[in-house]
Amino acid sequence: MATETDSATDGSTDTEGTGAGEVEARVGLRYTLRQVKRDTTARIGIYTVGFITLVAVLGSLDYYVFDYGVAEAIWYSPVQDPEQVRRLLPPVGMENQYGQGTLEHPMGTDHRGRDILGRLFYGTRIAITVGFMATAIGLVGGTLIGAVSGYYGGWIDDVLQRVTETIYAIPFLVLVIAFMTAFGRDLSFAMIGVGITSVPVFNRLIRSRVVSVREEDYIEAARAAGVKDRNIILRHVIPNSFAPVLVQATLQIGVSILIVAGLSFLGFGAQPPTPSWGQMLSASRNYMLPAPTFSLFPGIAILITVIGFNILGDGLQDALDPRINN
Amino acid sequence: MGLLRYTLWRLAQAIPVLIGIITITFFLANQIPGDPVEIMLGPSPAQEQVEAIRARYGLDRPAYQRFLTYLAGVATGDLGQSIYYDRPVLEMIMLRLPVTLYLTVSAFVFAIVTAIPLGVISAKRRNKPADHVSRIVSLIGVSTPSFWIGLMLIIVFAFYLGWFPARGLPVPWASPADVRGAETQLQVLRTSLYHLAMPMVALGTLQMAQITRIERSSMVESLQGEYVKLARAYGVSESKIVRKHAFQVAQLPVITIVGLGLSTALGGAVLTETVFEIQGMGRLIITAINNQDYELIMGTTFMFGVAFVVGVIITDIAYAYIDPRVAYGDET
């Protein structure tokens with residue numbers, strides 16, 4: 001609560017040339033939300049992200065609380081079916097060499113006879129978790145490094161910046177692959193790895209803001225009043241760099257989902273039988289000719305999710321950018 | 001003069017970054033669980049055999065010694081020996097690197113050639129239908145996984161329409177004897193371009209979308225500049241303003257984004273090569289990982305880093321060439 005008021009009062013220096021009363025209202029969470037609501041594209045973004053997150057939450061509830069309740073219903077097990085005739089069914093209304101699509105499996109079944117819609121549904125859980133966790137790791141790491149680096153300057157700045165530059169210098173998919181080879185191939189390391197690769201992005205963003213904020217009068221005043229450096233960074237410097245970071249974080253969630261899908265496609269990440277979109281696409285490669293729709297739907301799921309975060313990020317940017325509002 | 005000094009200075013700056021990359025890759029490769037010697041010799045090898053191999057590849061020495069040896073090796077152009085293939089790592093990389101560079105550079109050419117007109121049209125007709133179409137295309141482009149685009153292209157253009165081959169990528173300078181169905185160098189080039197089309201689009205789409213977005217916002221800003229107003233006041237035609245006055249200034253952020261996009265593109269090449277079964281650097285690093293081939297993993301990761309650093313230096317120099325203020329400014 002305290003930081004929010006801080007950012008509201010301190011942020012007034014950012015928007016110049018407007019009335020004092022109006023400036024007060026131009027920053028802060030509530031104002032942002034009002035702006036976002038007014039923007040049509042941002043609203044679409046919020047609805048999409050909200051829907052996907054809801055699906056992810058419901059999927060988790062089903063998985064953990066009801067122990068695959070819904071999943072059992074739509075999860076066709078080839079083991080239970082002696083004839084194994086219902087493998088690789090196409091979506092409703094289509095036909096392939098394995099038969100015709102049925103309403104029971106609206107998007108058809110995969111090579112093991114499992115319902116694709118059901119697996120997409122559960123894949124959401126992984127995509128959303130990974131997106132948020134990886135971004136959170138990058139955000140916290142990058143913000144701390146960037147803030148410390150920009151605030152102190154000097155050799156601390158030099159050392160930290162060289163280290164993050166080096167991390168940035170290895171193409172990040174390659175870096176995450178090497179990282180996961182070294183530490184482990186499962187999903188948690190994918191999150192950490194992708195998080196580490198996004199540290200330089202947030203670092204750069206925060207540092208450039210901090211360097212300009214550092215010279216502001218109120219920081220000088222806080223220092224003169226004997227406020228500790230750590231408190232100045234946490235209470236004043238970081239909250240004042242909040243807006244661009246929020247935008248970047250939203251976009252970064254989409255990027256993280258894309259990278260983790262790519263990693264799963266290569267076999268790094270969620271291991272079978274856990275359903276993840278990248279891994280479904282990887283499995284579909286062997287059935288592209290008899291069942292092309294098997295490759296189609298997981299990709300569309302990724303596309304819709306990432307578009308949602310991108311639209312939301314763009315909307316936030318418009319809402320938070322004072323130049324456009326004027 | 002300024003440009004030459006700037007180039008040299010940028011090259012010198014890259015050295016600590018390269019040493020940093022080697023440190024990171026060495027550290028990671030050392031963390032890899034499992035014993036490469038075991039993989040090489042099978043489950044229960046003779047003790048002397050194991051020790052001989054360990055001594056031969058220097059695995060019996062402490063890590064810091066091996067690191068210094070490796071660093072010295074890299075400085076003299078020796079990336080070590082692949083344990084699995086028993087060949088010099090550099091030699092293996094040099095076989096694969098051209099394929100990956102061919103793919104990546106083509107993807108960027110595709111991206112730039114399509115993105116710049118899209119972005120310029122979008123900025124010129126701001127908030128008109130053409131702008132909306134271009135913005136939606138670029139939004140979809142930044143949100144689509146490149147490997148999925150690859151899969152869809154294969155299904156449609158290779159399986160259904162049969163226009164392009166689904167796998168492999170012969171380089172245009174390969175000898176006709178190595179390329180199936182080609183007798184002359186010209187036919188090699190033709191085959192190569194046919195193979196290139198789909199991977200190029202798959203890898204380039206993301207870059208295309210990103211460049212379109214930057215080009216648009218940069219052009220919008222540039223078209224609002226004072227010099228554009230002045231040119232208009234002088235009665236310069238609108239198309240000439242766009243072509244001559246606004247366009248050049250607007251290209252600076254585009255160059256930056258091309259440099260940064262290299263990181264994504266080189267990483268994406270790993271995925272694209274997997275989808276199209278192209279024998280490039282991406283496949284090499286995946287096989288190296290599957291074989292737990294330390295030296296080869298380190299070598300390929302390092303080379304990916306080198307490719308990116310060199311790419312960024314080239315874009316920086318291009319930037320300095322277009323905007324001489326960079327080269328003459330304070331060099332910090």
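The structure is a predicted model, in which local features need pLDDT of at least 70 and side-chain atom pairs count only at pLDDT 80 or more, whereas totals for chains, interfaces and linings use all residues. Residues are numbered from 1 along each chain as its sequence is written, and chains are lettered from A and ligands numbered from 1 in the order in which they are written.

B:D86 is placed in the loop between α4 (63–75) and α5 of chain B. Helices (H or I, at least four residues) and strands (E, at least two) are DSSP runs, numbered from the N terminus. Although B:D86 is not a glycine, its phi is positive, at about 60°. Most residues other than glycine have a negative phi. A positive phi, near 50°, is also found for B:Q292, a residue other than glycine. B:Q292 belongs to the loop between α11 (281–290) and α12 (294–322) of chain B. With 21 other C-beta atoms within 10 Å, B:Q292 is buried.

Chain B comprises 13 helices and zero strands. Its C-alpha trace spans about 85 × 55 × 40 Å along the principal axes. Of the 332 residues in chain B, 41% are buried. Two residues are said to be in contact if their C-beta atoms, placed from the backbone, lie within 7 Å. Among the contacts in chain B with a separation of 6 or more, 73% are between residues 24 or more positions apart.

The domain assignment of chain B gives domain 1 (1–84 + 291–332) and domain 2 (96–288); such bounds come from an automatic or database domain assignment. The C-alpha centres of domain 1 and domain 2 of chain B are 29 Å apart. Contact between the two involves 18 residues of domain 1 of chain B and 15 residues of domain 2 of chain B. The side of domain 1 of chain B that touches domain 2 of chain B has 10 nonpolar, five polar and three charged residues. In this classification, Ala, Val, Leu, Ile, Met, Phe, Trp, Tyr, Cys and Pro count as nonpolar, Asp, Glu, Lys and Arg as charged, and the others, Gly among them, as polar.

Within chain B, B:S222 is found in helix α8. B:S222 counts as buried because it has 22 C-beta neighbours inside 10 Å. When its neighbours within four places in sequence are left aside, B:S222 is in contact with B:A246, B:V249 and B:A250. B:S222 and B:H195 are separated by 27 residues in sequence and by 39 Å in space, C-alpha to C-alpha.

Helix α6 of chain B (residues 129–143) has 15 residues and should span 21 Å at 1.5 Å a residue; its end C-alpha atoms are 21 Å apart, which agrees. The expected span of a helix is 1.5 Å times one less than its number of residues. The buried residues of α6(B) are B:S134, B:S138, B:G141, B:V142 and B:S143. The cover over these residues includes α5 (89–124) and α8 (185–223) of chain B, together with α12 (242–266) and α14 (292–320) of chain A.

The contact between the chains takes 33 residues from chain A and 37 residues from chain B. On the side of chain A that touches chain B, the elements giving two or more residues are α7 (154–169), α8 (172–183), α12 and α14 of chain A. The largest share of this side, nine residues, is provided by α8(A). By class, the side of chain A that touches chain B has 23 nonpolar, seven polar and three charged residues.

Chain A has 15 helices and two strands. Of its 326 residues, 48% are buried. The axes of helix α6 (residues 116–152) and helix α11 (residues 229–240) of chain A come within 11 Å and cross at roughly 95°. Helix α6(A) is therefore roughly perpendicular to α11(A), a term for angles of 65 to 115 degrees. Axes are lines fitted to C-alpha atoms, for helices over the stretch in contact, and angles run from 0 to 180 degrees between N-to-C directions. The contact is made by A:T143, A:A147, A:V148 and A:Y151 of α6(A) and by A:I233, A:V237 and A:I238 of α11(A). By class, this contact has six nonpolar, one polar and no charged residues.

Note on methods
A residue is buried if 20 or more other C-beta atoms lie within 10 Å of its own, exposed if 12 or fewer, and partly exposed in between; C-beta atoms are placed from the backbone. Angles under 35 degrees count as roughly parallel, over 145 as roughly antiparallel, 65 to 115 as roughly perpendicular and the rest as oblique.
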